[in-house]
Structure formats: structure tokens, C-alpha cells
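Here is a guided walk through a structure.

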Amino acid sequence: MAKEEQDKILDEVTQSDYKYGFVTDIENDDIGKGLSEDVIRMISAKKNEPEFMLEFRLKAYRHWLTMKMPEWAYLKIPPIDYQDIIFYSAPKQKAKLESMDDVDPEIRATFDKLGIPLDEQKLLANVAVDVVMDSSSVKTTFKQALAEKGVIFCSFSDAVQEHPDLIQEYMGTVVPVQDNFFAALNSAVFSDGSFVYIPKGVRCPMELSTYFRINAENTGQFERTLIVCEDDSYVSYLEGCTAPMRDENQLHAAIVEIIVKDNAEVKYSTVQNWYPGNKEGKGGIYNFVTKRGICQGVNSKLMWAQVETGSAVTWKYPSTILKGDGSSSEFYSVAVTNNHQQADTGSKMIHIGNNTKSTIISKGISAGKSSNSYRGLVKVTKNCEGARNFSQCDSLLLGDKCGAHTFPYLEIGNKSAKVEHEATTSKIGEDQIFYCNQRGISTEDAIGLIVNGYAKEVINKMPMEFAVEAQKLLAISLEGSVG
Amino acid sequence: MANIDTINKDFANLFEQGKELLTNGSSNCMNKAREKAFVQFQKLGVPTRANENYKYTNLIPAFDHPYNVNLRYMEVDVDLNDIFQCDVPELDTNMVLLTNGWYYGNNKTLTELPKGVIVCGVQEAAKKYPAIFEAHYGKYAKPADDGLVALNTALAKDGLFIYVPKGVVVEKPIQVVNLLRSDRDLLATQRNLFVIEENAQAKIIVCDHTLTHHKYLSNAVTEINVATNAVFDLYTLQNQHLNSVILNSTFIRQEKNSNVLTNTISLYGGTIRNNHHVLLDGEHCENHTFGMYLMDKDQHVDNFTSIDHAKPNCLSNEHFKGVMDGKATAAFAGRIYVRPDAQKTLAYQSNNNLLLSDDAQINTKPQLIIDADDVKCSHGATVGQMDEDALFYLRARGIDEKEARQMLMFAFAHEIIEKIRVEPLKDRIDALVDTRLRGEISKCNTCAIACKN
């Protein structure tokens with residue numbers, strides 16, 4: 001088939017607009033731009049936090065002041081003026097709401113557009129949703145059904161008020177405040193997030209999900225998630241994101257901490273579809289996330305699954321520390337970049353416990369003028385016997401102006417380790433498209449078919465509802481007709 | 001431990017104070033590059049681990065030592081031609097000796113070289129053949145990117161110059177023997193320039209040896225230009241004592257349809273760092289980069305490679321293998337860079353490692369940076385142990401475990417050795433590797449002056 005025609009279709013496929021761009025007009029309660037110790041005290045005071053939280057924030061802030069923004073990532077980021085950001089913003093009406101009727105109709109309309117199952121029908125969908133609208137939790141559902149099992153699933157601020165002992169015990173143990181520039185920033189100013197606690201022996205009866213949404217203009221959202229899974233427990237946690245269209249770059253620095261104890265299992269799935277900026281690369285979210293879990297107990301298990309299609313800049317490396325003997329971790333990722341998007345993402349697996357296993361499957365798809373990098377680390381410490389890792393990082397290029405990069409790091413200190421890494425980069429083969437054409441499938445459909453097949457390995461690992469959304473997002477990111 | 005600032009300041013002082021000696025005898029071309037590189041060095045300094053490219057090699061202990069520096073050629077007290085013999089059977093080569101980074105004054109005249117081929121010291125070449133020299137010197141190495149290259153360019157006075165004119169085929173390999181021999185601890189700065197013209201062919205074998213027990217630091221830079229349709233092989237055999245630090249930066253530029261094969265074999269040495277840069281600057285180039293390292297004790301080897309596909313339709317194939325024992329540490333970084341519009345690129349890269357002890361460490365970093373879409377690139381890296389099934393197969397046939405392991409290790413290494421396109425050298429390196437894998441020191445056994453390992 002003619003190359004020009006194929007290029008034309010690729011062009012069409014890769015030039016769709018962001019479909020989730022809209023602004024909800026609600027009054028915001030923000031504290032003005034800038035960052036200082038006073039701002040942090042103000043955030044802490046507004047949230048009525050106990051003393052230890054303020055200390056934690058101040059410690060993080062003081063450390064942050066000594067740090068520089070990391071430059072090692074394969075990203076081009078214009079300098080960020082941290083004094084030009086509003087570090088706290090919450091929708092004004094704060095009264096606790098009991099039923100859906102009490103929720104602001106505009107907010108409800110927003111969620112309807114996003115298709116979040118917030119209304120009562122979601123009972124059938126068996127999903128409890130803790131909606132984070134900007135920085136403050138609006139409504140928590142299914143709290144009671146979960147409470148019966150002893151599961152705690154609430155906003156981070158509620159957890160600070162209601163379970164300060166748990167927060168104090170676990171917060172900052174996986175991602176310490178000094179960990180990195182963005183982690184320190186988040187620890188200093190985080191406004192809200194989710195907290196999950198699964199008690200011993202409990203299999204969480206439903207999939208827990210949150211929906212993050214950056215709303216107020218110029219507001220960096222700094223949320224923080226903490227998941228603690230006691231012995232023999234199980235939880236599947238879903239995180240999804242969309243954000244409205246904005247011209248100015250918005251900063252987002254989140255932290256996710258997961259603690260998995262003996263024989264427990266956590267599945268953490270993400271769909272990220274924040275505003276990627278327009279076709280000229282203007283606007284879009286800067287997404288700097290520190291996600292880390294520790295498999296503390298024996299035979300514990302942690303799985304990360306993610307579909308990343310949004311954000312102008314993504315800097316994200318979900319990692320697992322495999323400390324317990326026999327623990328295992330898996331990482332499945334599809335990252336799509338289009339237009340001027342940049343992504344530097346991957347996973348870290350730190351093997352400390354004996355007979356630990358990890359798998360990394362990363363699929364990158366680059367189109368337009370975007371740059372998509374995989375960066376990962378597999379580390380086997382000296383006293384770790386019988387570690388096993390397999391990593392596969394494939395890149396698919398759609399267009400001749402985009403880039404696909406792979407930067408794996410393997411640091412092996414024990415002879416019994418078996419570590420394999422492989423990566424390939426290629427474009428969709430002309431023979432593959434020819435094969436489809438020959439069987440009556442148009443080139444456009446063929447590209448969709450091939451991209452979906454390519455990503456299937458990852459999408460299959462996601463919970464059902466998410467898999468559907470993930471496929472939709474893939475399609476939207478690369479145009480409506482694909483997928 | 002002296003900090004890096006002191007080390008950098010010492011070099012600055014050395015440059016300022018030794019300026020007269022440094023410029024004396026060198027051509028204008030070299031001195032001009034020297035000044036510029038020194039300014040760059042002052043900006044860069046000796047690379048530290050904070051530099052992403054030197055993440056796995058700490059150079060501070062290597063540089064933190066009161067070395068002597070030879071800013072002029074030192075006479076050697078014995079005739080090296082008499083005592084140094086390379087004993088590779090049936091390996092008939094054109095041999096040249098270099099001592100401490102300088103072209104050896106009493107090298108025998110190479111009578112068997114084809115007409116027009118030049119083999120001499122860099123200092124001499126700069127004066128005798130300025131047209132060739134100035135067209136190539138400093139054109140491929142990038143002092144602005146690496147403090148070590150800047151330091152070399154600032155301090156270099158001599159090294160080896162090889163010129164193969166258009167259409168000339170050098171049948172007999174040219175063997176370059178770098179000898180480190182001194183009565184004091186020494187920092188050697190060697191600068192080589194190899195120019196292979198259109199349709200020419202040559203093979204160069206470089207052997208590094210240390211002859212005395214003193215602590216050495218060698219910071220060498222080699223620039224190679226391989227012109228259209230030329231075929232060039234470079235084999236490097238590194239065999240030094242534990243107290244030596246070898247820092248090698250090689251820059252190869254390939255023109256259209258050229259074919260280059262390099263094979264770097266690190267048998268022994270204290271700290272080895274090989275920076276290997278290839279620029280494929282014409283269409284239809286072929287590049288094969290191979291390497292092997294066999295390390296034990298406290299040895300450290302770091303192979304840092306970068307293959308830059310600047311033009312379309314080129315092929316590169318890179319394969320490094322390592323066997324690590326004792327407390328040895330090894331690092332490998334392979335970077336394949338496909339520039340925008342370098343379509344139809346084929347690039348393969350692979351790094352395999354065998355770890356034999358729990359104290360050994362391997363850090364590997366295979367990277368792909370791809371900015372063109374119609375390419376086929378892949379890389380793979382493995383770290384592991386011997387295949388238990390293969391071991392069982394051999395044991396089942398009556399081979400004892402030790403011998404079976406030995407056979408498997410040898411087979412593992414042989415994959416790299418068999419790429420050598422000089423038959424006698426291949427056999428010889430096979431034998432050296434075999435003894436090395438048995439835990440013995442692989443000396444060139446009939447050489448009159450055994451290397452001090």
C-alpha cells in the first residue's frame with residue numbers, strides 16, 4: 001500500500017482532540033499563590049491537623065529547600081516557578097453529605113460527563129468511589145459496607161482525624177520525606193488523598209476506586225495515597241484521572257505508599273488521562289509521581305497496572321521493594337504519547353528477600369512529535385538468594401517525528417540471581433497492514449487492531465471496568481476510530 | 001580521601017607550570033587543541049559518580065595518587081626489541097612498541113608495509129605530514145563531553161599515528177604493544193590517530209602490558225576515521241596488573257559503505273574503563289562492536305559504548321559478555337542513538353553476564369534512544385548462572401563437574417572470541433581465556449619479560 005496513504009491515516013489517527021476538557025464552575029477556597037512555612041502552617045491549620053502532621057510537613061519543606069529539581073530524566077521541562085502556584089484549593093461547601101441529592105449539581109454533572117459511577121447504580125457495579133475533587137474529598141460511598149468488614153477506606157484528611165495512630169505509624173515509611181524533590185514537595189503541601197486499611201485475613205469485598213480531578217486553575221494537586229494490607233488480606237485499588245482543558249501548565253506531584261504484609265496481595269491499577277496540552281504543545285499537566293510499595297511480609301504480592309495516555313510531562317516510576325522472602329511483584333504498563341507529550345516512566349524492582357520474583361512488561365506507543373522513554377531499575381542485593389526478574393520493554397513508533405527511548409538499569413550483586421531484560425523498537429510492519437488489507441480490513445482499522453493487540457497483554461491485567469475505559473482512552477489518545 | 005576539587009586543581013597547576021614542556025616539540029595544531037581542551041577540562045573536571053555516564057565507576061581513588069607525569073620522552077634503559085617478544089605462534093605481524101604512551105624511539109623499521117602506509121609517533125606525524133594530520137586530529141574526539149577526553153587533549157604529546165592510503169590493503173596485521181614500564185608511579189597520556197582512506201583495509205591489534213610493579217594510570221584517546229568502502233578491524237587485549245588504571249576512549253567515525261569490527265578483551269587489570277564511541281556518518285555502514293571481560297579479585301571493568309546512527313540504512317551489532325568472580329565489579333552501558341531521519345536502521349545490542357560469586361557485582365545499562373520510525377532496534381541483557389540442563393548433559397556423559405563448568409564457561413566466552421577475523425589471534429586468545437577461566441594468570445608464556453600481574 002502507498003506509503004503516503006498510510007502516513008495520512010496515521011496522521012488522522014493521531015490528531016484527535018482531548019475529549020474531556022471542560023471546567024466546572026464552583027467557587028474555590030484557595031490560599032493564594034506561593035510557598036513558605038506560613039503557607040504550610042496555614043494548610044495544616046485549615047485541615048485542623050494534629051501536631052505530628054505539621055512537623056512532618058515542615059520537616060519535608062525544610063529538606064525540599066535544600067534540593068534541586070532532578071534533571072536526569074529524558075524530558076525537556078521549562079523551569080517551574082514554585083511561587084506561582086496555589087498550593088491549596090478546596091471546593092467551598094464542606095458540609096458532609098448523606099445522599100446524592102445533596103451533592104452540588106454542577107459537580108454531579110461533571111462526574112456524569114466523566115462517566116464515574118457515583119450514583120446509586122454503582123451498587124450493582126460493586127464499586128465504592130472516594131471522589132477527590134481537587135484537593136478535598138467530596139463524598140465517600142460504601143463506607144458502611146466496608147466498615148462491616150473492618151476495612152477503612154476514606155480520604156486522607158479524614159484518616160488523619162479518625163485514625164491518627166495508623167497514619168503516624170505508616171505515613172512516610174515507604175517514601176520518606178527526603179526521598180526525592182517531588183516527594184519532599186508533596187510531603188510538605190499535600191492537601192488530601194485516600195487511605196486504605198485492610199485488616200488481617202480480610203478480602204476486600206469490592207474494588208476500591210478514586211477519581212482524581214484537577215479543577216481550579218493554577219492549582220497544583222498534591223494528593224497522597226496510603227494503602228496498608230495486613231496479613232492474608234487482599235485489595236484491588238483503582239485510580240483514574242481526567243482533567244479539564246487548561247492553557248497554563250499545571251503541576252501535579254503525588255505520592256502513593258503501599259505496605260503489603262505476610263501473604264497479602266494488592267493490585268493497584270491506574271488510568272491516567274490528564275490534559276496533555278494542545279497540538280502545539282501548549283498547556284497540559286506536569287505529572288511527577290512517586291509510587292512505591294513494599295512487600296514486607298513473606299509471600300506477599302503487589303501488582304501495578306497502568307495505562308498512561310495523558311499529561312504533558314510524565315515522570316513516574318512505580319516501584320516495589322521485595323523485602324519478604326518469596327514475595328513477588330508485577331508491573332504492566334501501556335504509555336501513549338502524542339503531539340508534544342513527553343513521558344519518562346518505568347518501574348523499579350528492588351530484590352532484598354530470598355526467592356523474590358518480579359516481572360516488568362512495558363509497552364510504549366509514540367506518535368506525533370512526542371517522546372516516550374522507559375526507565376527502569378532491577379536491583380538484586382548481595383544477600384538476596386534466588387531472585388528472578390524478567391523485563392520486556394517494547395516501543396511502537398507511529399510517525400517519523402517521535403522518539404522512543406529505553407533506559408534500563410540492572411544492578412546485580414548475587415550469583416544466584418536470574419535477570420533478563422529485552423527491548424525492541426519498531427513501527428507497525430507494512431506486512432502486518434498488508435495482511436489485514438488483504439483480508440478486507442481498512443488500514444485505519446488495521447492500525448487500531450494492531451495497537452490494541454500490542455497493548456492487550458497489559459490491559460488484560462486490569463480489572464474489567466477499567467479495561468474497558470483503558471481501551472477507550474487508547475482509542476481517544478490515538479483518535480476515535482482506533483480501538 | 002582527596003576531594004575532586006584538589007585533583008582538578010592539581011591538573012590545572014600541572015598545565016600552567018608545565019606549559020613550556022607541553023608545547024615544546026608539539027605542532028601548532030596540537031597546541032591549539034590543547035589550550036581549548038584545557039578550558040573545557042576546567043569546566044568539566046575529572047568525571048565523578050554524579051555524572052550519569054560514570055555512575056558505576058569511581059575515579060577518585062584512581063586519580064588520588066601522587067603520579068609522575070612525563071611531559072617529554074624518557075629514554076628506556078634496555079632495548080625493548082630484545083626483551084619483548086610476542087609469542088603468538090603463526091601470528092605474523094608488523095609490530096610497533098609504545099612505552100608509557102610515547103612512540104618507542106628504537107622501533108625497528110617496518111619493512112613489509114605496503115607503499116604509502118605510515119606508522120610513526122603522533123608528534124612526528126604532526127610535523128612530517130601536517131596535511132593529513134590536521135585534517136583529522138581532534139575532529140572525532142569530543143573534549144566538551146567528557147573531562148577525561150579534555151584532559152587527554154590538554155596533556156597529550158605523543159602516541160601512535162597510522163595512515164593507510166587509498167586502495168591499499170595491509171595484509172599483515174599491525175600489532176601495537178603498549179608497554180607501561182617505569183621506575184616510578186606514572187600517569188601516562190597517550191593520543192592515537194588512525195586514518196584509513198577509501199577502499200583501504202587494515203587490521204590493528206593492540207596489546208596493553210605492564211612491565212613493572214608501579215602504579216599506573218593511563219588516560220588514552222584514540223581517534224579513527226574509516227573512509228568510504230574501507231574495512232577496518234581493531235582488536236584490543238587488556239592484560240595489566242591489579243595496580244593499574246586504564247582509561248581508554250575510542251572515537252570511530254565511519255563513512256559510506258565502510259565496515260568496522262572492534263573486539264575488546266579485558267583479561268586482567270585493576271580498573272578498566274573503555275569508552276567506545278562510534279559515529280555512523282554515511283549510508284550503508286556496518287559496525288560490529290564486541291567485547292568480553294573476565295574479572296576476579298577486586299578488579300573493576302566498565303565498558304561504556306555509544307553507537308550513533310546519524311545516517312539511514314546502517315547496521316550495527318553490539319555484543320558484550322562477562323564472567324565475574326571474586327569481588328569483581330563490572331558495568332556495561334550501551335547506548336544506541338538513532339537520529340531523526342536515520343531510517344531503515346538495524347541496531348542490535350546484547351549484554352550477557354555470568355556471576356560466579358556472591359561478592360561480584362554487575363551493573364548493566366543497555367539503552368535505546370530512537371528518533372526515527374522505520375527502524376528495527378532491539379537490546380537484551382541477562383545476568384545469570386550456567387544452564388543446569390547443559391551441565392547435566394555433560395555430566396551424564398562422564399565429564400566431571402569442574403570440567404563441565406569449565407567447558408560451559410569457555411563456550412560462553414568463545415562466542416565473542418570467534419568473531420575475531422585473524423585466525424592465529426583467535427586461537428591464541430582462546431587459549432588465554434581458557435587458562436584465565438581456570439583461575440590462572442594468562443601470561444604470554446615465552447615472553448622474556450613476564451608481565452607483572
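**From one chain to two**

Chain A holds 12 helices and 23 strands. The model is a predicted one. Of the 483 residues in chain A, 55% count as buried. Look next at how the chain folds back on itself. Take the contacts in chain A between residues at least 6 apart in sequence: 84% of them join residues at least 24 apart.

How far can the reader trust this chain? Its average pLDDT is 80, and 76% of the residues score at least 70. Among the elements of chain A, strand β18 (residues 348–351) has the highest mean pLDDT, 95. Helix α5 (residues 122–125) of chain A has the lowest, 37. Two stretches call for care. Over residues 93–97 of chain A, pLDDT stays under 50, and the model gives them four contacts beyond four places in sequence. Over residues 119–127 of chain A, pLDDT is also below 50.

Now turn to chain B. A UniProt record, an unreviewed entry, places the feature "domain: SUF system FeS cluster assembly SufBD core" at residues 185–412 of this chain. That span is 62% strand and 9% helix. Its end C-alpha atoms lie 37 Å apart.

Helix α10 of chain B covers residues 401–417. Does its length fit its residue count, or depart from it? At 1.5 Å a residue, its 17 residues should span 24 Å; the end C-alpha atoms are 24 Å apart, so the two agree. Which residues of α10(B) are buried? They are B:Ala404, B:Met409, B:Ala413, B:Ile416 and B:Ile417.

Finally, bring the chains together. The contact takes 31 residues from chain A and 31 residues from chain B. On the chain B side, β19 (361–370) and β20 (376–384) each supply at least two residues. β19(B) gives the most, with 10 residues. The residues on this side divide into 13 nonpolar, 11 polar and seven charged.

Strands also pair across the two chains. Strand β23 (residues 418–427) of chain A runs antiparallel to β20(B), and the pair is joined over seven bridges. To find the place, look for A:Thr425, which stands opposite B:Cys377 in β20(B).

Key: Residues numbered from 1 in each chain as written. Chains lettered and ligands numbered in written order. Predicted model: local features only at pLDDT ≥ 70, side-chain atom pairs only at ≥ 80, totals over all residues. Contact = placed C-beta atoms within 7 Å. Helix = DSSP H or I, 4+ residues; strand = E, 2+ residues; numbered from the N terminus. Nonpolar A, V, L, I, M, F, W, Y, C, P; charged D, E, K, R; others polar. Pairing = 2+ DSSP bridges. Expected span 1.5 Å × (residues − 1). Buried ≥ 20, exposed ≤ 12 C-beta atoms within 10 Å, placed from the backbone. pLDDT = per-residue confidence, 0-100. UniProt positions renumbered as here; feature names shortened; annotations may be inferred.
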